[in-house]
Amino acid sequence: MERDFLPVRIAILTVSDSRDAADDRSGDTLADRIEAAGHVLAARDILRDDRAAIADRLRGWCADPQIDVVISTGGTGLTGRDVTVEAHRDIYEKEIDAFGTVFTIVSMNKIGTSAVQSRATGGVAMGTYLFALPGSPSACRDAWDEILERQLDYRHRPCNFVEILPRLDEHLRRK
């Protein structure tokens, strides 16, 4: 049985102390791919590497019924300023452990053992999917092209993130 495509509403958050809208190549890479796939770019912003501010923005977007997925780019490395992963984990209800593992496998095929320096992560909060990607356009391309494009496509078999989207927050609903 053929399924119809179901667009999802995706927000992009670029985390950087040095980028602005004019030179946000990673955010542009994601925005182009999201729209080319037929999804809706629901929101986009750039924040500095500040854990509390990042977590607040993620919470706000997760509370917005017009946003189904949040993808951040930047701040997943190992330096002291890299706090995006911690901000994501501050709000996760469930972590999607395999996302980081699969991203590492994809990265290993492209950049070899340098892939160990990424802390890409995924999770769920308030019925919204969240993914934290490294800040390079190539990492954003790899994550989208190899993982997210398929998992955010309702037609993808044997399973995908879209088909369970309505049930992500079922534990919060009254019985």
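Which residues does T14 touch, not counting residues up to four places away in sequence? The contacts of T14 (heavy atoms within 4.5 Å) are with R19, D24, G27, D45, I46, L47 and T73. T14 belongs to strand β1, residues 9-15; here helices (H or I, at least four residues) and strands (E, at least two) are DSSP runs, numbered from the N terminus. T14 counts as buried because its relative accessibility is 0%, where buried means under 20% relative accessible area, exposed over 50% and partly exposed in between, with a 1.4 Å probe and protein chains only.

The model is a predicted one, in which local features need pLDDT of at least 70 and side-chain atom pairs count only at pLDDT 80 or more, while totals for chains, interfaces and linings use all residues. Residues are numbered from 1 along each chain as its sequence is written, and side-chain values use heavy atoms, with hydrogens and water left out.

Aromatic rings come next. Four aromatic pairs are found in the structure. Rings of Phe, Tyr and Trp (its six-membered ring) pair if their centres lie within 6.5 Å; planes under 30 degrees apart count as stacked, over 60 as edge-to-face and the rest as tilted. One of these pairs joins F99 and F131, and it is tilted, with 4.9 Å centre to centre and 50° between the planes. This pair links distant parts of the chain, as F99 sits in helix α4 (residues 97-111) and F131 in strand β6 (residues 128-133), 32 residues apart. F99 is buried, at a relative accessible area of 3%, and F131 is buried at 0%. Y129 and F131 form a stacked pair, 6.2 Å centre to centre with 15° between the planes, and both of these residues are buried. Through ring pairs, F99, Y129, F131 and F161 are joined into a cluster.

Charges also sit over rings, meaning that NZ of Lys or CZ of Arg is within 6 Å of the ring centre and within 35 degrees of the ring normal. R3 lies over the face of Y154 at 4.2 Å from the ring centre, and R57 over that of W61 at 5.9 Å.

Finally, helix α1 (residues 25-36) packs against helix α5 (residues 137-151) at an angle of about 25°, with the axes 8 Å apart. Axes are lines fitted to C-alpha atoms, for helices over the stretch in contact, and angles run from 0 to 180 degrees between N-to-C directions. The two helices are therefore roughly parallel (under 35 degrees; over 145 is roughly antiparallel, 65 to 115 roughly perpendicular and the rest oblique). Residues making the contact include L30 and I34 of α1 and W144 of α5.
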